[in-house]
Amino acid sequence: MIIRTSEMAQDGNAEWSLHWSDRHARLPSGFHSLLDRWTDIDQREAALGLDRGTPILIDPQARVDPRLGRFLSKSRFAFRAAGTQLAYAKDYRLFFTFLWIRRKYWDEAEPADIDDYEVWRRRSQDNPRRIGGAKWSRELAAFKLLYDWAVASEHMDRSPVLTHSVRLIGGDEIELVNNRPKDVRSSNVKWLTPRTYRLWRDIGLRGYGAAGLPDASWRGRNSGRNAAFADLLFDSGLRLREGGCLLTIEVPHALIGQAYYEGSVAAAVAKRRERMFYIEAAALAGVTTYMRVARRAAIRRAQRSGRYDSVRGKRVVTRISLARDRRIAWVDEAGREGEAAVRSLPPREREVLFIQRPHGLEPLWLWLGENGLPLDYQSWEAVFARASQRCAELGRPIYCSPHVCRHSFALKMLVVLHRALDRRFGQDRADREFIKQVYGDAFDLVKDLLGHRSEQTTRETYLEPLTGLRLRQILHDADEADTDTVLARVSKASRLVMDIDPQEELA
């Protein structure tokens, strides 16, 4: 049953709520007769094709619109990356609440509602959390996806998101949203040079003092784990979701004498498709040390307390194939057997994978909390934020986030690849103009390392400090300089790049 305007609650503060489908949830027994009839909720959701982690939007009168259920589970929305689904679902909840206050249901939105919503989101003084052009552009994309589907499915006559066509010079036409912002910045992030990142890591995550030296009074926990994870992102360019959802069997094996190691990002975890990543030997050594020391200690504590026995929905791995298309087989709590390619396993299925070892069950999820259970990959944002706060408190105002690590990796690798190509082809300073095509190749290599589809994204967003002539100017006379020195020159040429010499005295 769909609520119409006349049936809506008068309470202007009523809000839509957002929930996520789960599996193996503990349902209270005897609490209410209605709940007792829903003890088979897992089977019902499975029969409807609702995967674990499917968003569920509930209106202020505690009702679910089946049309939204189909959109969120069966349409193109369901094929978006998990991070995009999370962001879009939150956008829908907020916009639907805005409409509800106007005594409108989600399918009664009109172009004027989009206009007024933009005013409230971006310019109204009554909104203490106004947003910029980039976020508004993202929200418009979410609304267009929903309402284009609603029109195509004949649930609405027209979309409230109006568009117009623009003819390009080549004759092609593109469709643009009328409300698209004109103040979208090409970049709203900063870059850190390697030595600045190391200073942030040592102070913020390892508990060093402001001078970058060990502090005997530091009592922080998980220093080795946190530093290993940050190094992984900074030295590989992995996205937060990609690095945070790794399984132990996906960690590259270290071999003596190699400078870089190759790993694979699973298709179900990557933003678009399966891809390779490369990690420096030093960063891999940090991950390996974490696995052998801190991670193993957390597992032993969990085993002694019987914590893994109470994990709901766990799957115990019975076989791991070593073939090129790595596959695993498991048995679940009900004794049912299953099998899948590792690359096809999304984060929620990875979290419940365990393997039997001599001392008991162990998670396959790489990054664990102190309790020995899988650490949700989104939790790392708070870890990085606390580290940045500690740096600021000690007079080293260095801000770093997982995405800053990714941007900084791109900048570092472009400089490294440019110089490597120069040395390989024997070019000197007088010949730099001649190898313009080679410089293009370096941008393309960085694009592949980041897993981007478009080189334009790599150039304009991730490598903004090194566009145009600026790169050649910075590399000029830099043949003998190390990477830190070259990137220090980049910092002087761009205010977006932070470079702090650890030897500098504090102000």
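1. Let's start with Glu118 and Arg122: both are buried, where buried means under 20% relative accessible area, exposed means over 50%, and partly exposed lies in between (1.4 Å probe, protein chains only). Their side chains meet in a salt bridge (3.5 Å, N to O); that term stands for a side-chain nitrogen of Lys or Arg within 4 Å of a carboxyl oxygen of Asp or Glu. The two are four residues apart in helix H5 (residues 111-122), so about one helical turn separates them. Helices (H or I, at least four residues) and strands (E, at least two) are DSSP runs, numbered from the N terminus.

2. Before you go on, please keep in mind that this is a predicted model, in which local features need pLDDT of at least 70 and side-chain atom pairs count only at pLDDT 80 or more, while totals for chains, interfaces and linings use all residues. Residues are numbered from 1 along each chain as its sequence is written, and side-chain values use heavy atoms, with hydrogens and water left out.

3. How many salt bridges does the structure hold? There are 30 salt bridges, and one of them pairs Glu370 with Arg221, with the closest N and O atoms 2.8 Å apart. Glu370 sits in the loop between strand E12 (360-363) and helix H13 (380-393), and Arg221 in the loop between helix H7 (194-205) and helix H8 (223-236), so the pair ties together parts that are 149 residues apart in sequence. Glu370 is partly exposed, at 35% relative accessible area, whereas Arg221 is exposed, at 59%.

4. Have a look at Arg315 and Glu349 too: they form a salt bridge whose closest N and O atoms are 3.2 Å apart. Arg315 belongs to strand E8 (residues 315-320) and Glu349 to helix H12, so this pair links parts that are 34 residues apart in sequence. Glu349 is partly exposed, with 29% relative accessibility. Elsewhere, salt bridges with shared partners join Asp91, Arg121, Lys135, Arg138 and Glu139 into one network.

5. Now for the second largest pocket, which has a volume of about 1600 Å³. Which residues are the closest to its centre? Of the 49 lining residues, they are Asp51, Arg52, Gly53, Pro346 and Arg348. A pocket is an open set of points on a 1 Å grid over the protein atoms alone, where a 1.4 Å probe fits, with protein on both sides within 12 Å along at least five of seven lines; lining residues have an atom within 4 Å of a point. Helix H2 (41-47), helix H3 (66-74), helix H4 (82-101) and helix H12 (347-350) each supply at least two residues of this lining.

6. Two residues deserve a check of their backbone angles. Most residues other than glycine have a negative phi. Ala62, however, has a positive phi of about 60 degrees; Ala62 is found in the loop between strand E2 (55-58) and H3 and is exposed, at 64% relative accessible area. Arg103 has a positive phi as well, near 65 degrees, and lies in the loop between H4 and H5. With 30% relative accessibility, Arg103 counts as partly exposed.

7. Lys190 is partly exposed, at 42% relative accessibility. Lys190 and Leu496 are 306 residues apart in sequence, and their C-alpha atoms are 5.1 Å apart in space.

Key:
Grid points are joined across faces, edges and corners, and a volume is the space filled by probe spheres set on the points.
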